Amino acid sequence: MRLDKTSSGSNLLASLIKHAENEKWCMKLFCTTCGAMRFRDEVKKIGIESIIDSMYSLDEDEADEILEATGDPIGIIEHDASFQYQGKNIWRAEKPLIVLKRQAILQAKLQAKNERKEHNLQSETKRKVERQEKRALEKKRRLDYRQIAKQQRVQILEAFSGLNLQNKLQVIAEDTQHLPNYYPLQIECITMEELKVVSSEVAVKLLTRLSLLNSSRWDSIRQELNAVIRERLD
Ligand SMILES: [Zn+2]
């Protein structure tokens with residue numbers, strides 16, 4: 001490859017990058033696959049001093065075009081030059097424009113990344129606080145509801161305790177909000193004789209309500225109610 005300023009008329013570094021792009025050479029700074037060796041070898045062959053000299057003679061358009069190349073050729077050149085110079089200053093009084101521009105781009109990218117990170121962190125914190133608030137509100141609502149239900153039960157049972165057996169059974173039969181075991185009545189101990197006080201209508205309703213309970217302790221009262229209902233039909 002011939003890349004001197006006199007033959008091509010353009011900047012040595014600009015020509016090298018253009019050639020590398022045409023040839024699809026890897027120019028990643030820390031490529032773990034190929035180490036960008038093809039490009040590095042070419043830089044070494046041309047000579048790092050010549051490359052650095054040509055950095056200083058790039059015009060702004062050329063610099064921008066190089067910075068748009070895939071990978072980070074300027075990063076590779078800087079990295080390899082400082083390795084070759086072993087920490088000695090490789091630059092003149094001022095760094096070349098392209099190096100300053102690259103630093104500015106990296107800085108801006110880093111800043112944008114940090115801002116995104118900060119933004120994500122803030123959103124996450126906000127969501128977390130919102131979730132906690134929602135959970136606390138739900139808990140309070142549940143507690144409030146339980147409190148209200150408790151108070152309601154006290155009132156209902158107070159009224160219930162003043163009723164006779166017939167009316168008690170009617171209340172239980174017609175309460176579609178609460179199951180029969182909501183009431184402190186030992187309904188399963190009621191005798192056939194006692195059941196005769198309820199109307200057929202209440203007996204049917206009561207049987208329906210009792211069918212919602214699974215426990216076998218309700219079996220005998222169900223049988224008794226069935227018997228009462230059958231007896232009325234006869
Ligand atoms: Zn590579």
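Leu-29 sits in the loop between helix 2 (12–22) and helix 3; helices (H or I, at least four residues) and strands (E, at least two) are DSSP runs, numbered from the N terminus. The model is predicted, so local features need pLDDT of at least 70 and side-chain atom pairs count only at pLDDT 80 or more, while totals for chains, interfaces and linings use all residues. Residues are numbered from 1 along each chain as its sequence is written. The chain holds 11 helices and zero strands.

**Overall form**

- In sequence order the pattern is α-α-α-α-α-α-α-α-α-α-α.
- The chain has a radius of gyration of 45 Å, well over the 17 Å that the globule rule gives for 234 residues, so the chain is more spread out than a compact globule.
- That radius is taken over C-alpha atoms, and the globule rule is 2.2 Å times the number of residues to the power 0.38.
- The C-alpha trace spans about 125 × 35 × 30 Å along its principal axes.
- Of the 234 residues, 18% are buried; a residue is buried if 20 or more other C-beta atoms lie within 10 Å of its own, exposed if 12 or fewer, and partly exposed in between, with C-beta atoms placed from the backbone.
- Contacts are pairs of residues whose C-beta atoms, placed from the backbone, lie within 7 Å.
- Among contacts between residues at least 6 apart in sequence, 71% join residues at least 24 apart.

**Domains**

- The domain assignment gives domain 1 (5–102) and domain 2 (163–233); such bounds come from an automatic or database domain assignment.
- The centres of domain 1 and domain 2, taken over C-alpha atoms, are 95 Å apart.
- Asp-41 and Leu-233 are 192 residues apart along the chain, and 107 Å separates their C-alpha atoms.
- For Leu-225 and Arg-38, 187 residues apart in sequence, the C-alpha to C-alpha distance is 96 Å.

**Nonpolar cores**

- A nonpolar core is a set of buried Ala, Val, Leu, Ile, Met, Phe, Trp, Tyr and Cys residues joined through C-beta atoms within 7 Å.
- The largest such core has 21 residues, of which Leu-13, Phe-39, Ile-66 and Ile-98 touch the most other members.
- Two or more residues of this core come from each of helix 2, helix 3, helix 4 (48–56), helix 5 (60–67), helix 6 (73–84) and helix 7 (97–161).
- Helix 2 supplies the largest share of this core, six residues.
- Ile-66 is in contact with Leu-13, Ala-14, Ile-17, Pro-73, Ile-74 and Ile-98, leaving aside its neighbours within four places in sequence.
- A second, separate core has 12 residues, including Leu-169, Val-198, Ala-203 and Ile-221.
- In soluble globular proteins, nonpolar side chains tend to be buried together.

**Helix 2 and the loop after it**

- Leu-12, Leu-13, Ala-14, Ser-15, Leu-16, Ile-17 and Ala-20 are the buried residues listed for helix 2.
- Lys-24 follows helix 2 and lies in the loop between helix 2 and helix 3.
- Although Lys-24 is not a glycine, its phi is positive, at about 55°.
- Lys-24 is exposed, because 9 other C-beta atoms lie within 10 Å.
- Leu-29, in the loop between helix 2 and helix 3, counts as partly exposed because it has 14 C-beta neighbours inside 10 Å.
- Not counting residues up to four places away in sequence, Leu-29 touches Asp-72, Gly-75, Ile-76 and His-79.
- The C-alpha atoms of Leu-29 and Gly-71 are separated by 6.8 Å, although the two residues are 42 apart along the chain.
- Ala-36 also lies in the loop between helix 2 and helix 3, and has a positive phi of about 50° without being a glycine.
- Ala-36 is buried, because 24 other C-beta atoms lie within 10 Å.
- Most residues other than glycine have a negative phi.

**Sites in helix 3 and helix 11**

- Asp-41 is in helix 3 (residues 37–46) and counts as exposed, because it has 11 C-beta neighbours inside 10 Å.
- Leu-225 is in helix 11 (residues 219–233) and is buried, because 24 other C-beta atoms lie within 10 Å.
- Beyond neighbours within four places in sequence, Leu-225 is in contact with Leu-195, Ala-203, Leu-206 and Leu-207.
- Ala-203, one of these contacts of Leu-225, belongs to the second core.

Terms used. Two residues are in contact if their C-beta atoms, placed from the backbone, lie within 7 Å.
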